[in-house]
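The entries follow the order in which I made them.

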Amino acid sequence: MKRLVVVGNGMAGMACLEQILKYAPQFEVTVFGDETHVNYNRIMLSSVLAGEKSADDIVLNSVEWYERHDINLRVGVRIVDVDTHAKTVTGTDGSVTPYDALLLATGSSAWLPPIDGLKKDGVFVFRTLDDTRALLERAGPGVKAVVIGGGLLGLEAARGLQVQGCDVTVVHLMSTLMERQLDPDGGYYLLGKMEELGVHVLLGRTTTAILGNGHVEGVALSDDTCMEADLVVVAAGIRPNIELALKGGIAANRGILVNDYMETSHPDIYAVGECVEHRGVCYGLVAPLYEQGKVLAATITGNRGPAYEGTVPAAKLKIMGVDVFSAGDWSEQNAEPVRFEDRALGIYKKLTVRGGKLVGAILVGDTSDSHRYMEWLRSSADISGQRKHLLFPPPAADAGLDIAEMPDSETVCGCLGVTKGTIIAAIHEQGVNTLSQLKECTRASTSCGSCTSLCQGLLRAVAPEFEDERKTVVCACVPFAEDKLRDILRSQKLRSVQEVLEIYGNGVGCEICKPALSYMLDMLWCGDHEEDRSARFINDRVHANIQKDGTFSVIPRIHGGVTSADQLRRIADVADKYKVPMVKITGSQRIDLLGIKKADLPRVWADLGMPSGQAYTKGVRMVKTCVGTDFCRFGTQDSTSAGVEMERRFENLFTPHKVKMAAVGCPRNCAEATVKDIGLVGVEGGWQVVVGGAAGKSVRKADLLTTVETTQQALEASELFFQYYRENANYLERTYDFVERLGIEKVRKETVYAPDAAREALLDRLRKSKARARDAWQEGIEPKTPAQFIPLIPIDPLVESGFSRITAETPV
Amino acid sequence: MNSYRWLRVTPTGNIPPREGRAVLIGDREIALFNLGPSAASGAGDQFLATDNQCPHKGGPLCDGIVTGASVVCPLHAWKVNLQTGEVERPSHGKDHCVATYPTRVEEGVVLIGLPAANAGTPEGAPYEEAGTPEGAPYVGHPFKGANRGAAA
């Protein structure tokens, strides 16, 4: 067997090796990598920095993969010399390894501009997992970070640091951001978005020196200003690693020179990836690497034939929550620009057409059409006939048409180079029916995920038993499934509704998504977040239930339905004093005062001297009880005390939908616990805890969660379920839908049967939320917003009549 | 041409961004909204004013959730455009307009422009079309009297 040595354990080298392994085995493979990790997805480092992913999440080839293919993996060894006569390479560990074929995939390094003080402690580059880890160690709230370079890498670093809480400033030499991918208009839009999100940007300036005694204290700029800094990230560009090639006398210019077959100037030596210069171009993006790797694999295995003819440079990414796509030559010189811009929607699109063909495209804010443009660019198709529909495609006659129009050779997943043909083959030959199976099988959409919807479309059109795994999206304003959205909110540390809407939504929101987001933030941050009252329904702004005439109903909390003569007297006095039109006993063992005017609410609450019953909100309603063992001849458990205690543990918390509870002392079920969201049913010697019951729009008998011996155990089981529901239900999903959706077995497994640590974690988060929860009616004394309850009286009195007939009588 | 009487209403800070408040002017209840910082007008918050009565069942529009330049009535989720006064949902149309009033901000105070006594219907503010479903303007809000009494 011939010996193949691969120098470089990164994305290009390993993608190429994967292709080589598809041919008949003919090599004994050794891979050298100077990093100490297996091959990982370098383009996801920004997600690691932003805390969205862990290092394990971005592994592309596991140790098992290397073992399975008998690859001798040598990590932590840098190859420092190559002897092309003896055909050996020498490593930093002194090892000399012979080769029959040598594959150079040495990648690129951060380019360091000539700045004084780059050696100081606190100066970083952002290229590797180790760089990222080092940055994460330093980053944190209040840390002042300066990023040198406003290109793709610099902005990704800036975003990650900002998510970590740093105070970030980007210093960029050019007058516009990401000028390699975006024209000034596109860059301007991005600039606005970044500043909106609190990242400072200084354009048209260079960093002249890094200041500080040993470690970074600040930077000096070309405009003679200085600024404080605790850490500096240099992301001013990349440079192909050609030192090794030069040592071996292999021809190199900016990169290692290769022909269309990926052969270097020396026989048996090949090169691939960012270290390569092909037809005068060095690529810094991922898609070309895969194309090069396929060609190289054919060449090196003796199947020389397919030629690499260059790649249309294209980048599709999300910067600071903004979708950006850039491809081809978008300069307007000798080209016909076609544009669309809507500042309010945050969308900018520009296409450049030359000689009836698309030559370049920039999309900011909406990249849904990028595949169409990419294909036109790749195929150099004549688009003269479609000029009217360049920016907005004509409505497709049927949903599958877009898919049907794609040729089999069209790349669906640009990251991993998976074509439509490959996906269709997987569907037919391997019985793929779901997106997860497709990912498993072809790896399509496992990298950046931007082709997910296209993959879904293909599956829907082709797979005989397609199963849509998509979860329900909150609403069109924030087009994410709720579980996904919770992950985003958590990992991105988003703490206000408006921030979520601006970064991941349409910036506006509506009456559906705003309350949902309000709830999610409250739950995720255990109440430690910036509550935005404008995002909540009027009931939650004034803590009472609006009625058909605009008045409100007031239901005080009566724990467990156990009241006293004193409470009843106060309720009666309030009813008299405020001339309450109706006083009613509710179906929940509570008392409702109907027809209260908004402006009277604070005084009504004060006069009642009772806490809010949360009857107006998606929150903890009541715990209905029977008299249990205290008075009843049949009672087996003290349901009254248990119910009162349960209500105290949960009161003032918010939930995805209302939560009604009950505790009964025996299976006669007088307080109807088996049709409540959570019910405690006393039996001889213990309690049954039941969940997911309903007696409203639908009637459903609750499922048994667990049977326990003591009241404390029953309460804890309720708490586990309660918090689990809070964290995992979709907004406005009642427990009875939630339990049916998940299945009671799963609910049990993840609550009462969960490992100790998981149970403790649930209870801990519940306790944290509870510690922040307050009786909302306290706002009667200290309003949250100005004029929360009262109408405004104009500063200027209305002196003359005409606008109003009865002005004279109006006490203004 | 524009015959408005401008009335100083309240400091801008009294209306939080994306919320509305009721203002009593004469016997009329006007809903004054703060749409939040506006991209078009620079950094300052943008204010809009309409009658505080949903054309559907008279719901208090000031208590609705603001979405863009519209408000969703808290009673039955009718959506009303605050710039034009037109109903956008359930169906778009000019059949049920809400009167709109011009606003401006001076020295941190929001002003509302009222149609002058002798000026008839102001341009762009068809206030005479507004009012209760019975078509009788100025009869007042069903619960306005209560609010006013409490605030006095």
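**Sheet in chain B**

I looked up Glu106(B) and found Val109(B) of strand 11 of chain B opposite it. The model is predicted: local features need pLDDT of at least 70, side-chain atom pairs count only at pLDDT 80 or more, and totals for chains, interfaces and linings use all residues. Residues are numbered from 1 along each chain as its sequence is written, and chains are lettered from A and ligands numbered from 1 in the order in which they are written.

Strand 11 (residues 109–115) runs antiparallel to strand 10 of chain B and is joined to it by 4 bridges. (Strands are DSSP E runs of at least two residues, helices H or I runs of at least four, both numbered from the N terminus; two strands pair if DSSP finds at least two bridges between them.) I noted the order 1-11-10 for this open, antiparallel sheet of 3 strands in chain B. Strand 1 (4–11) and strand 10 (103–106) of chain B each have a single partner strand, so one side of each is left without a neighbour in the sheet.

**Nonpolar core**

I then looked up the largest nonpolar core, which has 140 residues; Leu103(A) and Val272(A) are among those with the most contacts inside it. (Such a core is a set of buried Ala, Val, Leu, Ile, Met, Phe, Trp, Tyr and Cys residues joined through C-beta atoms within 7 Å; buried means 20 or more other C-beta atoms within 10 Å of the residue's own, exposed 12 or fewer, partly exposed in between, with C-beta atoms placed from the backbone.) Helix 8 of chain A gives the most to this core, with 9 residues.

**Loop residue**

I placed Glu309(A) in the loop between helix 8 (286–300) and strand 21 (314–319) of chain A. Glu309(A) counts as exposed because it has 10 C-beta neighbours inside 10 Å.
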